[in-house]
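Hi,

Here is the structure I said I would pass on. Have a look at it first, and then read on for what turned up.

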Amino acid sequence: MITAIVLIDCATDSIPEVAENLANLPGVSEVYSVAGHVDLIAMVRVREFEQIAQVIAGSISKVPGVINTESHIAFRAYSQHDLEEAFAIGLANAD
């Protein structure tokens, strides 16, 4: 799984609508409204590297209200929380 963290500047008066539209895009797993120098952060998770461009340049950047994006590709996950959830998806409890 390839993960990209996308920092998004958007039109201030449409942050909730932009966030909802982004969350519905294939490849976008989460969208966060945040405080700081960007308005939204989207987590993109895809199986192949080529899909990153499709999701970010082909979809996220074209959502009305998106002004600018800055993308960061994750090399490695260190969070035990994330790893435990990933392995537990769809598995029945063994108890």
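**Overall picture**

The chain has three helices and four strands, and from the N terminus the order is β-α-β-β-α-β-α. Of the 95 residues, 29% are buried. If you take the contacts between residues at least 6 apart in sequence, 65% of them join residues at least 24 apart. The accessible surface is about 6600 Å², with 55% of that belonging to carbon and sulfur atoms.

On confidence, the mean pLDDT of the chain is 89, and 83% of the residues reach at least 70. Helix 1 has the highest confidence, at 98, while helix 3 (residues 80-88) has the lowest, at a mean of 60. Where pLDDT is low, the predicted coordinates should not be read in detail.

Which residues of helix 1 are buried? In this helix, which spans residues 15-23, they are Ile 15, Val 18, Ala 19 and Leu 22. Their arc around the axis is only 100°, so they lie on the same side of helix 1. As for what the buried residues of helix 1 pack against, the partners are strand 1 (2-10), strand 2 (28-33), strand 3 (40-46) and strand 4 (66-73).

Now helix 2, residues 49-56, where Ile 52, Val 55 and Ile 56 are buried. These cover an arc of only 85° around the axis, which places them on the same side of helix 2. Glu 50 and Gln 54 are exposed, on the face of helix 2 turned away from its buried side. The cover over the buried residues of helix 2 includes strand 1, strand 2, strand 3 and strand 4.

**Charges**

How many salt bridges does a search of the whole structure find? It finds one. The partners are Glu 30 and Arg 45, whose side chains meet at 3.3 Å, N to O. This pair ties together distant parts of the chain, with Glu 30 in strand 2 and Arg 45 in strand 3, 15 residues apart. Glu 30 counts as partly exposed, because its relative accessibility is 23%. Arg 45 is also partly exposed, at 31%.

Back to Asp 39, then. This residue is buried yet has no salt bridge, and the nearest side chain of opposite charge, that of Lys 62, is 21 Å away. Beyond its neighbours within four places in sequence, Asp 39 is in contact with Ile 8, Asp 9, Cys 10, Ile 15, Tyr 32, Ser 33 and Val 34.

**A few single residues to look at**

- Val 28 belongs to strand 2. Its relative accessible area is 8%, so Val 28 counts as buried. Leaving out neighbours within four places in sequence, Val 28 touches Leu 22, Ala 23, Ala 42, Met 43, Val 44, Val 55 and Ile 60. Val 28 and Ile 56 are 28 residues apart in sequence, with 9.2 Å between their C-alpha atoms.
- Ser 59 is in the loop between helix 2 and strand 4, and is partly exposed at 25% relative accessibility. Apart from neighbours within four places in sequence, Ser 59 is in contact with Leu 25 and Gln 54. From Ser 59 to Gly 27 it is 32 residues in sequence and 9.6 Å in space, C-alpha to C-alpha.
- Phe 75 lies in the loop between strand 4 and helix 3. Is Phe 75 buried or exposed? With a relative accessible area of 83%, Phe 75 is exposed. The C-alpha atoms of Phe 75 and Ile 2 are 8.1 Å apart, although 73 residues separate the two along the chain.

That's the lot from my side.

Cheers

Definitions and conventions. Residues are numbered from 1 along each chain as its sequence is written. This is a predicted model: local features need pLDDT of at least 70, side-chain atom pairs count only at pLDDT 80 or more; totals for chains, interfaces and linings use all residues. Side-chain values use heavy atoms; hydrogens and water are left out. Buried means under 20% relative accessible area, exposed over 50%, partly exposed in between (1.4 Å probe, protein chains only). Helices (H or I, at least four residues) and strands (E, at least two) are DSSP runs, numbered from the N terminus. The arc is that of the directions from the helix axis to the C-beta atoms. Contact means heavy atoms within 4.5 Å. A salt bridge is a side-chain nitrogen of Lys or Arg within 4 Å of a carboxyl oxygen of Asp or Glu. Lys and Arg count as positive and Asp and Glu as negative; His and the chain ends are not counted. Accessible areas come from the Shrake-Rupley method with a 1.4 Å probe; for residues, only the protein chains shown count as cover. pLDDT is the predictor's confidence in each residue, from 0 to 100.
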